[in-house]
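Hi,

Here is the structure I promised to pass on. Have a look at it first, and my notes on what turned up follow below.

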Amino acid sequence: MSNFKIAVCQMLITNHKRDNLKKAEAFIREAAAAGSQWVVLPEMFNCPYDNKYFPEFAEAFPGATTTLLSDLAKELELFIIGGSIPEHCEDKIYNTSFIFDSQGRLTGKHRKVHLFDIDVAGGIRFQESEILSPGKSVTVVKTPQCPVGVAICYDMRFPELMRLMALEGAKVIVIPAAFNMTTGPGHWELLARTRALDNQVYFVTASPARNLEASYHAYGHSMIVNPWGTVVAQADEKEGIVYAEVDLGLVEKVRRELPLLMHRREDIYEVRKKGWEYSI
Ligand SMILES: O=C(O)CCC(=O)C(=O)O
């Protein structure tokens, strides 16, 4: 199959986990009813994006959030890239995306590799590493349609990680994310289009909707960019679902006509994976 429909759920996230899960369920059901085969949720979709909430909202696997996603994936026969949640494992908390196939099986997991520690004068200071631990995986998951690379938000700023996913076969890269009002306006679309072009993939970003009552104001603008670098669908800052048709024939066409991946000069430079852990 070379065409399939992807839905990106730009949810408004509140301080109440139960409400966030109900919202995710409603959006997933709506996306399924609209004929989507893949559904993507935003970064930290069950929890406000704020260090002070991560320990309280964190869950070990399996937990209420991942069980809900698994059950919905099975019932609706969908592939779900479950945004991310604070994951509790041993004595650590990770920012983790759990990925379920259409039989409800956990088929992949990505723990955010690059923690978001920035301090922009007059803008935003955020230090994920005060609470979260980093993952170590390059995550590429098989699906019936094509391999998909999954990474989280700040990870998309690192072209080496994105390139490794393309080299491992990803034709689509999905990024649950939550950019903000300091970096979002200038960097979000530019980065998504650049990564799509670099790697000749569909590049899919899923943000929460902007909640002005929250401490962190997400940029929104979830988008789907095709391998030619064209934005094929984009939200504004409000809640809603963005849909696009993914045409894998276009990935092949662009890679054939403009063979960037083949033209790499590995005799001069190399991007390679070093220490890493299995993603599930
Ligand atoms: O890179 C950015 O500007 C935003 C990153 C971010 O918000 C995150 O990693 O959660």
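**What I found**

Let me start with I152, which touches E43, S84, N95, S97, H110, K112, I175, P176 and A177, leaving out residues up to four places away in sequence. "Touching", or being in contact, means that the C-beta atoms of two residues, placed from the backbone, lie within 7 Å. One of those contacts is I175: 23 residues separate I152 and I175 along the chain, yet their C-alpha atoms are 5.2 Å apart. I152 sits in the loop between β10 and α4 (159-167). I152 counts as buried because 28 other C-beta atoms lie within 10 Å. The cut-offs, with C-beta atoms placed from the backbone: buried is 20 or more other C-beta atoms within 10 Å of a residue's own, exposed is 12 or fewer, and partly exposed is in between.

Before going on, two words about the ground rules. This is a predicted model, so to speak: local features need pLDDT of at least 70, side-chain atom pairs count only at pLDDT 80 or more, and totals for chains, interfaces and linings use all residues. Residues are numbered from 1 along each chain as its sequence is written.

**The overall picture**

The protein has six helices and 15 strands. Both are DSSP runs numbered from the N terminus: helices are H or I with at least four residues, strands are E with at least two. The C-alpha atoms fill a box of roughly 50 × 45 × 35 Å along the principal axes. Buried residues make up 48% of the 280. Among contacts with a separation of 6 or more, 69% are between residues 24 or more positions apart.

Which residues touch the most other members of the largest nonpolar core? They are C9, V40 and V204, in a core of 82 residues. Such a core is a set of buried Ala, Val, Leu, Ile, Met, Phe, Trp, Tyr and Cys residues joined through C-beta atoms within 7 Å. V204 touches I6, V8, V40, V172, I173, V174, I175 and I224, again not counting residues up to four places away in sequence.

**Around the ligand**

The ligand is surrounded by E43, F116, C153, Y154, R157, A178, F179, N180, T183 and H187.

C153 has another point of interest: its phi is near 40 degrees, a positive value in a residue other than glycine. C153 is in the loop between β10 and α4, and C153 counts as buried with 24 C-beta neighbours inside 10 Å.

**Sheets and hairpins**

Six strands form an open sheet in the order β9-β10-β11-β12-β13-β14, with mixed pairing. β9 (140-141) and β14 (231-234) are at the edges with a single partner strand each, so one side of each has no neighbour in the sheet. Two strands pair if DSSP finds at least two bridges between them. β9 pairs with β10 (residues 148-150) in the antiparallel sense over two bridges, and V141 has V148 as its bridge partner in β10. β13 and β14 form a hairpin with five residues between them, and G229 in the turn has a positive phi of about 90 degrees.

A further hairpin, made by β5 and β6, has five residues between its strands, and G104 in the turn has a positive phi of about 85 degrees. In β6 (residues 106-111), five of the six residues are buried.

**One more detail**

The peptide bond from F61 to P62 is cis, with omega near -5 degrees. P62 is in the loop between α2 (54-57) and α3 (64-76).

Cheers

Terms used:
A residue is near a molecule or strand if its C-beta atom, placed from the backbone, lies within 6 Å of it.
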